[in-house]
Amino acid sequence: MPRTVSDGGEGFDDIASRSSSHRRMDSIQHGHGYKVGFPPKKSLFAEFSDAVKETFFADDPLREYKDLPKSKKIWLGLQHVFPVLGWSRDYTLGKFKGDLIAGLTIASLCIPQDIGYSKLANLPPQVGLYSSFVPPLIYAVMGSSRDIAIGPVAVVSLLLGTLLQNEIDPKTHPLEYSRLAFTATFFAGITQAALGFFRLGFIIEFLSHAAIIGFVAGAAVTIALQQLKGFLGIANFTKKTDIVSVMKSVWGNVHHGWNWQTILIGTSFLAFLLVAKYIGKKKKKLFWVSAIAPLISVIVSTFFVYITRADKHGVSIVKNIKKGINPPSASLIYFTGPYLATGFKIGAVAGMIGLTEAIAIGRTFAALKDYQIDGNKEMVALGTMNIVGSMTSCYVATGSFSRSAVNYMAGCETAVSNVVMSTVVMLTLLLITPLFKYTPNAILSSIIISAVLGLIDYQSAYLIWKVDKLDFLACLGAFFGVVFSSVEYGLLIAVAISLFKILLQVTRPRTALLGNLPRTTIYRNVEQYPDAAKVPGVLIVRVDSAIYFTNSNYVKERILRWLRDEEEQQQDQKLSKIEFLIVELSPVIDIDTSGIHALEELLKALEKRKIQLVLANPGPAVIQKLRAAKFTDLIGEDKIFLTVGDAVKKFAPKVVDNV
């Protein structure tokens with residue numbers, strides 16, 4: 001047992017105290033209160049390694065490997081790359097029943113959606129089905145989410161189709177267009193996997209939630225407008241996606257381009273799909289009604305078109321869907337030539353959007369079932385499946401919210417539901433694709449319209465408006481950018497406004513004037529707490545941000561402006577002159593040389609006015625840097641306190657005595 005002061009010997013506490021006293025200015029103490037501590041000085045390498053660890057390895061991924069034999073480490077490493085090795089050991093027949101029902105349900109939803117989404121991407125209908133066959137199998141082995149359903153999605157399909165057709169016309173050069181699509185898919189996978197492997201997932205956080213809400217809603221409106229071509233039976237339709245061009249194209253064909261049989265089919269089944277969706281939302285147990293409604297619509301509409309031969313009367317049909325599973329396409333990817341850079345650019349954008357959607361969906365359902373998903377692991381899984389997909393005639397696949405919601409409500413237990421869905425899609429490709437020959441395009445348009453209407457989250461938009469007007473501006477900018485210009489401009493506006501918000505918050509941090517809450521030693525913002533009283537002769541200001549080169553001058557000027565305002569008010573009211581300025585540094589997590597220079601200028605400006613500068617509660621990084629820059633010597637050790645209350649007690653004792 002170590003001895004302590006109480007038993008007369010020199011224990012661990014005494015040794016620590018004696019060794020710390022040898023360090024120069026390890027702490028600053030006032031009276032009998034607590035002291036401002038200085039963290040031990042770290043070497044340059046230690047500081048750098050800590051910063052790298054906190055940035056890239058905040059979750060400490062190697063913690064579970066500590067103190068384990070080599071064989072166990074290898075097994076855990078394999079489980080990390082292939083999570084299926086972990087959960088498959090506890091897999092039971094009961095879980096398979098849940099996965100089987102969920103897989104069959106989402107398969108009935110995905111087959112008609114895939115055919116429709118491939119048209120959004122300007123690709124043959126079978127390519128949409130290919131993308132729900134191979135990628136889900138890869139994800140089932142490498143993904144960590146139990147609920148996410150993998151396949152093509154509307155927003156990414158539209159984005160890909162828009163960007164690709166700007167480079168190559170899909171009608172005149174279908175092979176080159178498909179090659180560029182596979183190239184973009186390959187680089188989408190490379191981008192996703194690289195972000196996960198190098199643990200750079202925080203990059204996707206630069207797209208704010210508000211901007212994503214607006215972007216997705218705008219894309220949903222654009223997708224719905226694009227479906228008017230198939231819904232109304234218009235043959236000559238604009239290639240532009242903005243609402244003005246689309247409506248001009250729609251009304252320009254009203255007398256000669258619309259087909260009443262097509263409109264009848266589209267309207268009837270759209271009404272059926274919306275009613276089925278309403279029933280599924282109202283009664284959770286009947287979720288399967290909305291899930292199988294698209295497949296029922298396809299079967300019934302195809303049958304009626306076949307027996308009435310409506311295709312002879314102007315009703316556009318799908319025609320032939322190529323039979324057979326995914327052919328290899330690795331040789332079709334552009335690894336050289338002028339389309340290499342184009343494919344990389346389009347793929348990187350599509351990959352980032354797909355990644356954002358998939359991670360958001362995975363986290364949502366993981367929270368509902370109270371389990372964790374590894375964001376970086378998810379990125380590697382999604383990237384790998386798209387790389388393999390690009391070599392097997394697939395285009396960019398990601399997590400689908402509508403299918404994932406159905407998967408969750410159907411009672412899925414593991415990623416085996418994706419395997420079941422993939423198997424059904426494979427059987428469809430091998431056996432029944434010829435049956436889709438007479439499927440009217442109007443029914444596919446109806447399915448897509450009913451699906452994308454759920455992407456318009458007006459409730460979240462209203463909440464954003466109530467909470468943060470600048471966030472709402474980002475939401476609105478992204479929405480109108482997509483609807484009135486194009487998907488890429490909408491995305492650009494979303495990113496630009498998100499970055500502008502970050503810059504605004506960084507360059508113009510909040511500051512607050514603090515006052516004393518009656519009968520306490522607590523000091524709070526006088527705007528938030530009107531009862532908080534200002535201390536006579538003392539001005540207390542709090543800075544609510546790190547002080548960097550981007551905002552250091554603003555922070556200094558803002559504090560001086562507080563001072564000028566208070567001095568003018570005191571002259572008018574004939575109050576006592578301000579003698580002390582206390583700066584509360586609790587929220588200031590860091591400071592750089594520009595920030596320290598700003599404090600030095602502030603100190604000089606105050607000295608001219610014969611006002612003393614006092615600092616309260618600087619954090620470890622801040623006090624360490626202030627000491628390294630010798631600012632602590634400049635201001636004086638007796639001007640740095642643990643709390644605002646300690647500082648007021650020192651310089652305005654009468655106020656404290658009255659508490």
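These legends accompany several close-up views of a predicted model.

Residues are numbered from 1 along each chain as its sequence is written. In this predicted model, local features need pLDDT of at least 70, side-chain atom pairs count only at pLDDT 80 or more, and totals for chains, interfaces and linings use all residues, while side-chain values use heavy atoms, with hydrogens and water left out.

**View 1. Confidence along the chain.** Let's start with pLDDT, the predictor's confidence in each residue, from 0 to 100. The chain has a mean pLDDT of 87, and 91% of its residues reach 70 or more. Over residues 1–32, pLDDT stays under 50, and the model has 39 contacts beyond four places in sequence for them; a contact means heavy atoms within 4.5 Å.

**View 2. The span annotated as STAS.** An unreviewed UniProt entry carries the annotation "domain: STAS" for residues 528–651. UniProt positions are given in the numbering used here, feature names are shortened, and annotations may be inferred rather than shown by experiment. Residues 528–651 are 48% helix and 15% strand, and the end C-alpha atoms lie 25 Å apart. Helices (H or I, at least four residues) and strands (E, at least two) are DSSP runs, numbered from the N terminus.

**View 3. The largest cavity.** The structure holds one cavity of 30 Å³ or more, and about 50 Å³ of space lies in the largest cavity. α23 (552–573) and α24 (593–608) are the elements that give two or more residues to its lining. Among the lining residues you will find Ile547, Ser552, Lys556 and Leu602. On a 1 Å grid over the protein atoms alone, a cavity is a set of points where a 1.4 Å probe fits but cannot get out, and a pocket is an open set with protein on both sides within 12 Å along at least five of seven lines; lining residues have an atom within 4 Å of a point. Grid points are joined across faces, edges and corners, and a volume is the space filled by probe spheres set on the points.

**View 4. The second largest pocket.** Here, about 1,400 Å³ of space lies in the second largest pocket. Of its 49 lining residues, Lys119, Asn122, Leu123, Lys171 and Lys229 are the closest to the centre. Helix α9 gives the most to this lining, with five residues.

**View 5. Threonine 222 in its helix.** Threonine 222 sits in helix α10 (residues 209–226). Threonine 222 is buried, with a relative accessible area of 0% (buried means under 20%, exposed over 50%, partly exposed in between, with a 1.4 Å probe and protein chains only). Leaving aside residues up to four places away in sequence, threonine 222 touches Leu158, Thr241, Val482 and Val483.
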